[in-house]
Amino acid sequence: AGEGGSSRGVRRERARAPSAAKPSGGHHVGVRGARRRSRPLLRPSLQSSVRRTAAALAADPSMASSKTTTVLHQYGPDWGLPSICPFCVAAQAYLKLLQIPFDTNSSGNAAISPSGELPAVESPEAIVSARYGMGQLRDALGVQLDDMLSDLEASEVHAYTTLVEAKLERATLLTQWVDRDNYTGVTRLAYAAKLPYPLSYMIPGGIRRRMMKATQLKGGEAEEERVMEEAKHALESLSVKLAGRKTSGPFFFGKTPSSIDATLLGLLLFHLHAPFPNAPLKDFIKKLPGIESYANELKDIIFGDDNTTKWSAPQPPTSGSKSRGSWFSSSKKTKKKRSEKEQRFR
């Protein structure tokens, strides 16, 4: 009887206990479900650190973007380069070749980019990502560097850019992010030094996972040898193209700069200057005639104190004018007005 009385008392206590709250939709939500839904994505200590970091970046005038000029959002400089990211170096070279005044924001805030990756270019008109080629920068700048090229030269730029992105860029990502010794000894430390805590702890690993997934590279000797051989063949093809460069000018097409100059320069300078323990392309680039001299000469012209080399840059289109599109974009033909005779016998 004692046990029965105690059990009945427990049941009466449960009956008097308030029932779990129900949402407005009428569906019952248990206590466990409510706790699971309200669980934070980050630990409280990390949440407060992220809030303090965001507040510090917003209050720091050196990190603020100017609304009256073009701003390049990138990772910070090191190794004698304007950025530890080869694609940020390429974007900065592209803007300098366009002779557009711009500021650099080296906070490493990739959240501002539409693609979630740096570099990104911000202007009063738009914010665009420059991570996957320079063609998207027209929306922010109103002009492209290749607008001054002939149709034949523009088609060559497209062909060589495709070669560089498919072969040399893939080898660059393997060297920087996939190779374990390079990542743990150089890449992770370099990016962590440019980012505030806790971003310095989270961002490098997140980029590495994303790059390994995008390139489908797992690492290993057989895979590395295959990717590096393809990159070497691409560099040999570029070396043949650049063999007669000295006779016409310092750029890929002589005296006229193009987007391939910026894209290729960012990758070449990265392999020549980054202090990786495993750098199979570094010595190979130095052996090719014209490749290393091309990269060093362009570096002095674009980023150095060489003010003797001058080049013309395309100007943004004025109101009522239309700039030339890319070589593969088809322009609409104006419809010819038919005569009365043609309309009658149509």
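1. **The cysteine pair.** At 0% relative accessibility, C88 counts as buried; the term means under 20% relative accessible area, while exposed means over 50% and partly exposed lies in between (1.4 Å probe, protein chains only). C85 is buried too, with a relative accessible area of 5%. The sulfur of C88 has its closest cysteine sulfur in C85, 3.6 Å away, which is too far for a bond. A disulfide is a pair of cysteine sulfur atoms within 2.5 Å. By this rule the count is zero disulfides.

2. **Basis of the note.** This is a predicted model, in which local features need pLDDT of at least 70, side-chain atom pairs count only at pLDDT 80 or more, and totals for chains, interfaces and linings use all residues. Residues are numbered from 1 along each chain as its sequence is written, and side-chain values use heavy atoms, with hydrogens and water left out.

3. **The chain overall.** The chain holds 13 helices and four strands. Helices (H or I, at least four residues) and strands (E, at least two) are DSSP runs, numbered from the N terminus. Of the 346 residues, 41% count as buried. Take the contacts in the chain with a separation of 6 or more: residues 24 or more positions apart account for 71% of them. Contact means heavy atoms within 4.5 Å.

4. **Helix α12.** This helix covers residues 291-302, twelve in number. From first C-alpha to last it reaches 16 Å, close to the 16 Å expected at 1.5 Å a residue. The expected span is 1.5 Å times one less than the number of residues. Which residues of α12 are buried? They are I291, Y294, A295, L298, I301 and I302. These residues sit on the same side of α12 because they cover an arc of only 130° around the axis. The arc is that of the directions from the helix axis to the C-beta atoms. An α-helix has 3.6 residues a turn, so residues three or four places apart point the same way. The buried residues of α12 pack against α4 (86-97), α9 (221-241), α10 (259-273) and α11 (280-287).

5. **Strand β1.** Both faces of β1 are covered. T70 and L72 are buried on one side, V71 and H73 on the other. In a regular strand the side chains alternate between the two faces of the sheet. β1 and β2 run parallel and are joined by four bridges; two strands pair if DSSP finds at least two bridges between them. V71 stands opposite D103 in β2.

6. **Backbone points to check.** Most residues other than glycine have a negative phi, and most peptide bonds are trans. W79 has a positive phi of about 60° although it is not a glycine. W79 lies in the loop between β1 (70-73) and α4, and is buried at 16% relative accessible area. Q99 also has a positive phi of about 60° without being a glycine. Its loop runs between α4 and β2. Q99 is partly exposed, at 46% relative accessibility.

7. **Cis peptide bonds.** L118 and P119 are joined by a cis peptide bond, with omega about 10°. P119 lies in the loop between β2 (102-105) and β3 (120-122). The bond from Y197 to P198 is cis as well, with omega near 5°. P198 is in the loop between α7 (180-194) and α8 (199-215).
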